[in-house]
Amino acid sequence: MFEVSDPRIGFWLPLALLCLSIGFWITDRKDPRKKLALPGFFLSIALVVSFGITTRGEDGPETALLAVFLHMLVPVTCMAVGTLIATFSGPSPVGPLPRGLRPMGFFMAYFGLVWIAWMLISEPPSAIANGIGQTTWGAWVDAFLTILILISALAGAFCVMMGEERHKEALTLAGLTIAGGLMFYEIMHNGSQGMAASGWHSIHWSELMFLFGGLVGLISALIAFIALVYIAEKRAPDPDVVAPLTEEEKSVVEAVLRTNLNLMEGEE
Amino acid sequence: MTQQKGNWWKPVALLMLVIAIGMDLLVWQLSGGVEFSTIAEEAIRGFILAFGGTSIALLMISLGSLHRHSQWKEQIAGLVCLSVVALYLAHSEYGKSIDGMREGGAILLSGLTAMLTAVGLVFGLLLALVTGREHVADPLLEMESTGGDVSIELNE
């Protein structure tokens, strides 16, 4: 009845469990639920991995998504690790890594990007070559290139606007914008190894616009959540008024104060 | 200069808008155009599905972190209402097809991950480049304290 190969059990339930684990993780450290955060996290990862293994080769949307993630894991990790190495091997005081590693960090970051570009001109694996796998992969590439072009242009322009000789940073980011732009033009004009240009056009007009709406929806849901918390806190009753001290309590306070004052006078 | 730096976001936002429109015009020209209603329909679908999905995720996080001092009734009831309404609308929008919703959810996760990766790469590179800046040593830091003894030479 409950099989891991069922996407509701093997994919969507672990996602809900992951969110629940995040909730457990942000509780107070004395709360017993805090101890459930890590087991919940690992259980959800284990369920997703076993779902991926069980349904390997099938053409469900969740399996296709996992195939895309697996496909992108190495270049994305390469880019992430590269930027971290380059940052922490710089001349800044927070750089604990040897300075000689800095060029390697930049090389890894650019290598990850070149790897993605190479994927576009090489024959895709069967999991992302047809059907929903191809659409999911296409949506990933189109969204990645679009945001890469826009955000690197934003960051490059920001460097120019801020002045103070940030030409090297601005030029590097301009190079990223141009490289992303060329890749975007190439796939839209000539297509890629696994998909014709018309397929990329279809993905741009349907999936990218779907993702644009999705991004607005995500931000709107966050704003709605903040509004709910604000309403709840605004409606919260004022804290109870504390009763004034009784004569007995006043005498205790006075005695404590007198003892301390006498001690201080004795020290002087 | 300070005034110019304060308004930096206006030309930068304009540049981004121009590039985004340019990219769409390029695809428009290469593809031969598309119906605006198709674009709007896809964007609305994405909006509803992402709104519902995010509301459910926030509901699960809120349920996991409930505590007796929180104003949880409004928060939980509100999130349940938002999730139910959004999922009902998504269900209708996809022609009461759970498979369609699953497919939309997978594409949404794929695209949002791609966006996050691109943002992370650009800002990671920017951080790496900015932290690599070499500064000329400040001569004031090289000076030694005289312990308060100051002699002033007056030019006559």
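Colleague: Glu254(A), exposed or partly exposed?
Modeller: Partly exposed, because its relative accessibility is 43%. The classes are buried under 20% relative accessible area, exposed over 50% and partly exposed in between, with a 1.4 Å probe and protein chains only.

Colleague: What are we looking at, and how is it numbered?
Modeller: This is a predicted model, in which local features need pLDDT of at least 70 and side-chain atom pairs count only at pLDDT 80 or more, while totals for chains, interfaces and linings use all residues. Residues are numbered from 1 along each chain as its sequence is written, chains are lettered from A and ligands numbered from 1 in the order in which they are written, and side-chain values use heavy atoms, without hydrogens and water.

Colleague: Which residue forms a salt bridge with Glu254(A)?
Modeller: Arg258(A), with the closest N and O atoms 3.4 Å apart. A salt bridge here is a side-chain nitrogen of Lys or Arg within 4 Å of a carboxyl oxygen of Asp or Glu. Arg258(A) counts as exposed, at 53% relative accessibility. Both residues lie in helix α8 of chain A, four residues apart, about one turn of the helix. Helices are DSSP runs (H or I, at least four residues), as are strands (E, at least two), numbered from the N terminus.

Colleague: And Lys250(A), what does it form a salt bridge with?
Modeller: Glu247(A), at 3.8 Å between the closest N and O atoms. That pair is also in helix α8 of chain A, three residues apart. Glu247(A) is exposed at 60%, and Lys250(A) is partly exposed at 42%.

Colleague: How many salt bridges over all chains?
Modeller: Six by this rule. In chain B, Arg102(B) and Asp99(B) meet at 3.0 Å, N to O, and they are about one helical turn apart because they sit three residues apart in helix α5.

Colleague: Change of topic. Which residues have the most contacts inside the largest nonpolar core?
Modeller: Trp137(A), Trp140(A), Val141(A), Phe144(A) and Leu148(A), in a core of 62 residues. Such a core is a set of buried Ala, Val, Leu, Ile, Met, Phe, Trp, Tyr and Cys residues joined through side-chain atoms within 4.5 Å. The largest share, 14 residues, comes from α5(A). Helices supplying at least two residues each include α4 (102-121) of chain A and α3 (36-64) of chain B.

Colleague: What does Trp137(A) touch?
Modeller: Val68(A), His71(A), Met72(A), Met119(A), Leu120(A) and Ile128(A), leaving out residues up to four places away in sequence. Contact means heavy atoms within 4.5 Å.

Colleague: Which residues form the nonpolar patch on the surface?
Modeller: Leu14(B), Leu17(B), Val18(B), Ile21(B), Leu25(B), Trp28(B) and Phe36(B), with about 730 Å² of accessible area together. Patch residues have over 30% relative accessible area and no salt bridge; nonpolar side chains (Val, Leu, Ile, Met, Phe, Trp, Tyr) are joined within 5 Å, like charges within 9 Å. Areas come from the Shrake-Rupley method with a 1.4 Å probe, and for residues only the protein chains shown count as cover. The most, six residues, comes from α2(B).

Colleague: Back to chain A. How many helices and strands?
Modeller: Eight helices and zero strands. Its radius of gyration is 28 Å, well over the 18 Å that the globule rule gives for 268 residues, so chain A is more spread out than a compact globule. The radius is taken over C-alpha atoms, and the rule is 2.2 Å times the number of residues to the power 0.38.
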